[in-house]
Amino acid sequence: MVAYRNEPKIANELPLLAVRDVVIFTNMILPLYIGRDISMAAVEAAMSGSKQLIIVAQKVLQQEDPRPEDLYSVGSVAQILRQARLPDGRLKILVQGLAKARIEEVTGQTPYLKARLEVIEEPPAPPESVKLEALKRNVREKSQKIMSLRDVLTDEVVSLLENLEDPGGLADLVISNLQVKVFEAQTVLETIDPTERLTMVNDILSQELKVTMMQAKLDSETREEMDRSQREFYLREQMRAIKKELGDDGGRDDETLEYRTRLKNARLPRQVASEGAKQLSRLEAMHPDAAEAAIIRSYLDWILELPWSSATRDRLDLLEAKKVLDADHYNLKKVKDRILEYLAVMKLNRRQKGPIICFLGPPGVGKTSLGQSIAKAMGRKFVRFSLGGLKDEAEIRGHRRTYIGALPGRIIQGLKTAGSNNPVFMLDEVDKIGSDFRGDPASALLEVLDPEQNANFSDHYLNLPFDLSNVMFITTANFLDSIPQALEDRMEVIELSGYTAEEKVSIAKKHLLPRLIRDHGLKTELLTVQDSAISQVISGYTQEAGLRGLDRKLAAICRKVARKVAEGHERAYRVTKALVPRFLGPPEVLPEPEREEGQSGVVTGLAWTESGGEIMYIEVRTMLGKGNLSLTGQLGEVMRESAQTVLAYIRGHALELGLARDFFENQDIHIHVPAGAVPKEGPSAGVALMTAVISALLDKPAPKNMAMTGEITLRGQVMAIGGLKEKSLAALRAGIKRIVIPKQNNKDLVDLPPTLTKKVEFIQVNSVKELLTVVFPDFRFFKMVEMNAPVRRRRKPFKRHRSAPAQVPS
């Protein structure tokens, strides 16, 4: 805005205000926002005096604290018309330019800049001439045309331009209303001669008119294509058209050239390269801001970033690989042998396909960390993907590109992350996959985990075959029951059972404690934990097959020692068995109450759980009744059927066992498994149930230090069971040294650790007769006379003798 007022008197020394992006001209009125402390101090000093200050532009706009040499030497003396303080602490002032002035000397710099100045007098207007009149008309016409194109032309502006005859005033008026750069406006300000100044403004107007006309042209060309949702597109079109006029229209071409170069340099399979070239051609023919263009760019990026032919080199030094595996994991001989066998075959045959291994075992036995060690031993990348709770098939196969936000499946994403096509790919919790209306992920994994099919795995997003045959897939599971049979058939299952107490002590000394001491900022010489203390932690504070609980308890000890060291009590701490409760409190795991010697109807059974093995007592009580069988303790359907099978066998062989043929008609049998809040299920309780029922019926106590496991048939055969190692470890933890197992499980004894087989006696039985002979050494079977002959009934009533019929010792 420009106004004309009577010029007040200007002092020779005024506060100096440095501004960033504006040049003040004479008679120009505009608001300024003041935020810098030194500038606010200058304004306050001016307000306390004549309300005048000299305003000078900075040479470098980004400079926060300009020095006197960083300012232009010519500025404008301005009058402060109005002042207001904003809520954010800044000042807003309205100023009017009074006259041009040249800074002669900066006389003060604190608390604000102060300068001695010389007012530049405006020379008188030159005499009228044809050239000057033509120049003024050009300036007026160009100014009106620019404002008309920008749609800011008003009658007041037209009247002001037509009535202003002074060339210097006209130049100042026009330049102050143009959006020009600071150095251009400063050049005009420093030009004293009015005619020369007007000529400079005319040249600037010519350039601005070209730019404004180009903007108008662009606006007319793009207005038809623009709507409210395409404002961003409109701005980009303007930039593109401007670059085209300037000969710099390379943005779109640069993108296309970049994709074409990457496709050429990438070692892609022929089918992939062909599809990439096809999609690139579609992108070139498409509008850059079309919705599908972004989808094609993402697709090309995925194609170019996948490791189609990039692979890490396998480390085939078997001795070095064995050294790495032994350093990271204790024992686990079967797993380590399997990995070394694979490396040996790879060394002899490089075309060997990657194995698909399933680590089966309770939580905390090292399944996931074992996969990392395998990758380290082989020199491969490691990728982990948890399948727990997965219900969407698209997480495996990917989404089709027609969906918004579509992405490849987690298999392809993992390979991109790894950067190689032969990583060790761990699929955790394969036994916890779900399924719903979105598909069955377990079925989708059939193609991934099939060596005969995964060489051409097709992801829905890529829709191109990717070779997964070089990937070493490792899955983990806690149990096999929930894994579909077709999926289990594709995997080589390796069981990782729980650790013995001795193994846990060794692992804690070699692996857990050194890592925990290092992680807690301690030194080895500051903390020593005795073997007896570790054993106490294992038996009194953890009840698991794995090592997670032990790791947490040892970490608790390290934390308490770290706190004492941090408090200034730095000394060597030695944790003994007696000191463990001081660190961890009273024992959390109480042992099962020991059975009393001489109790009939009580037998120690063995059970397998996800967290390892456990012992369970089976109690049987007989009482007068009507032949009812009661089962309590939350027994599952299989255990209930085992109890029915036991009773059927006993009733069918009653005479042979020394029982009355009709013993069941006048008494009830109650079978109870304590810890009733815990559900119990499994096909391995038949032997214990048989022994407990026979013990109660014959009033013969079973040995206190004996546990048993196995299932029976109606013919009295003892069938094989699973989880022998976990069950044996549970018996050993309970102090039981004799275990009755099925004879068919003799093959599993080879896999048990020597520390277990040396401490526990395994008694193998093949039938109920062998079982009862082992449990009750003085037990005798009876041969029955005409055992299967029907009972003849006399015509006359008689009193039935309740004792057993005539029997002959066998």
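Does N463 count as buried or exposed at 54% relative accessibility? Select N463: at 54% relative accessibility this residue counts as exposed, where exposed means over 50% relative accessible area, buried under 20%, and partly exposed in between (1.4 Å probe, protein chains only). N463 sits in the loop between β10 (457-458) and β11 (465-466), and has a positive phi of about 55 degrees although it is not a glycine.

The model is predicted: local features need pLDDT of at least 70 and side-chain atom pairs count only at pLDDT 80 or more, while totals for chains, interfaces and linings use all residues. Residues are numbered from 1 along each chain as its sequence is written, and side-chain values use heavy atoms, with hydrogens and water left out.

Now show the whole protein as a cartoon. There are 26 helices and 26 strands; helices (H or I, at least four residues) and strands (E, at least two) are DSSP runs, numbered from the N terminus. Of the 810 residues, 47% count as buried.

Next, go to N27, in the loop between β1 (13-19) and β2 (29-34). Phi of N27 is near 70 degrees, again a positive value in a residue other than glycine. N27 counts as buried, at 17% relative accessibility.

Move on to I55. Together with L32, I55 has the most contacts inside the largest nonpolar core, a set of 59 residues. Such a core consists of buried Ala, Val, Leu, Ile, Met, Phe, Trp, Tyr and Cys residues joined through side-chain atoms within 4.5 Å. Strand β5 (residues 91-108) gives the largest share of this core, six residues. Leaving aside neighbours within four places in sequence, the contacts of I55 (heavy atoms within 4.5 Å) include L17, V19, L32, A78 and V95. Apart from this core lies another, of 57 residues, among them A375, I494, V529 and L584.

Follow the chain past β5 to P111, in the loop between β5 and β6 (114-120). The peptide bond from T110 to P111 is cis, with omega near 0 degrees.

Then select residues 629-632 and 667-672, which are strands β18 and β19; the two pair in the parallel sense over four bridges. Pairing requires at least two bridges found by DSSP between the strands. Within the pair, S630 stands opposite H670 of β19.

Finish with the cysteines. C358 is buried, with a relative accessible area of 0%, and C558 is likewise buried at 0%. The structure holds zero disulfides, a disulfide being a pair of cysteine sulfur atoms within 2.5 Å.
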